[in-house]
Amino acid sequence: MAYQTFRQEYLQVPPVTRAYTTACVLTTAAVQLELITPFQLYFNPELIFKNFQVWRLITNYLFFGPVGFNFLFNMIFLYRYCRMLEEGSFRGRTADFVFMFLFGGLLMTLFGLFVNLVFLGQAFTIMLVYVWSRRNPFVRMNFFGLLIFQAPFLPWVLMGFSLLLGNSIIVDLLGIAVGHIYFFLEDVFPNQPGGGRLLKTPSILKLIFDTPEEDPNYNPLPEERPGGFAWGEGQRLGG
């Protein structure tokens, strides 16, 4: 009975969020079981381009460190904001969401050539948080139950908390930069005088991912619900 309930809930998660979070969990499990090591996964341009270990372009986005509190809250952030985006502003636009993943991943990989980061998954999560926060500017957030602010400040609050903990803020800055580039090109520039859409989802992605009708039993997670877990621990994301 419990298995059936879990399976039903699992299948209710929208496809892109389900695929990405599952891949992250399975990758971490494989490392934990010592089936693979992080040294086989990390971002290394020399190994990618000279030794043709092209899988590293993907696997460096799938490993968030060993199982522990840091991993848990990274997964909570990733799952929650990825799902709220997919069920909110990308509802019925799976191909566009996949294209955002590909565009963000490509930009982040290019920037990764110039910064000393071996795993880009946390920066990618910050990118998702940034895009969600800019598209939901009137949602009120809270930090430790003390600091109340509007959603667009969320990425900066996370960066500030990382700074207070003595962590590098390169992860946060990279995610914010890529998120802002996507948001500007997709949401701001097309509405400017003389502007236009520069980001167009390839037809092949629409053919693969977009379906003509929605599942009538689909039960979305409301996009305006940003809470649901202890904010104080969740800020480990930027570490």
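**Packing of helices α2 and α5**

The axes of helix α2 (residues 15–32) and helix α5 (residues 69–87) come within 8 Å and cross at roughly 165 degrees. Axes are lines fitted to C-alpha atoms over the stretch in contact, with angles from 0 to 180 degrees between N-to-C directions. The two helices are therefore roughly antiparallel (an angle over 145 degrees). Their crossing is right-handed, the near helix being turned clockwise from the far one by less than a right angle. On α2, the contact (heavy atoms within 4.5 Å) is made by P15, V16, T17, Y20, T21, C24, V25 and T28. F71, M75, L78, Y79, C82, R83 and E86 contribute from α5. By class, this contact has 10 nonpolar, 3 polar and 2 charged residues.

The model is predicted; local features need pLDDT of at least 70, side-chain atom pairs count only at pLDDT 80 or more, and totals for chains, interfaces and linings use all residues. Residues are numbered from 1 along each chain as its sequence is written, and side-chain values use heavy atoms, without hydrogens and water.

Helix α2 has 18 residues and reaches 25 Å from its first C-alpha to its last. This is close to the 26 Å expected at 1.5 Å a residue. Its buried residues (under 20% relative accessible area, 1.4 Å probe, protein chains only) are V16, T17, Y20, T21, C24, T27, T28, A30 and V31. They pack against α5, α6 (94–112) and α7 (121–135). E34 follows α2 and has a positive phi, near 60 degrees.

Across the 239 residues of the protein, 46% are buried.

Key
Helices (H or I, at least four residues) and strands (E, at least two) are DSSP runs, numbered from the N terminus. Angles under 35 degrees count as roughly parallel, over 145 as roughly antiparallel, 65 to 115 as roughly perpendicular and the rest as oblique. Ala, Val, Leu, Ile, Met, Phe, Trp, Tyr, Cys and Pro count as nonpolar, Asp, Glu, Lys and Arg as charged, and the others, Gly among them, as polar. The expected span of a helix is 1.5 Å times one less than its number of residues. Buried means under 20% relative accessible area, exposed over 50%, partly exposed in between (1.4 Å probe, protein chains only).
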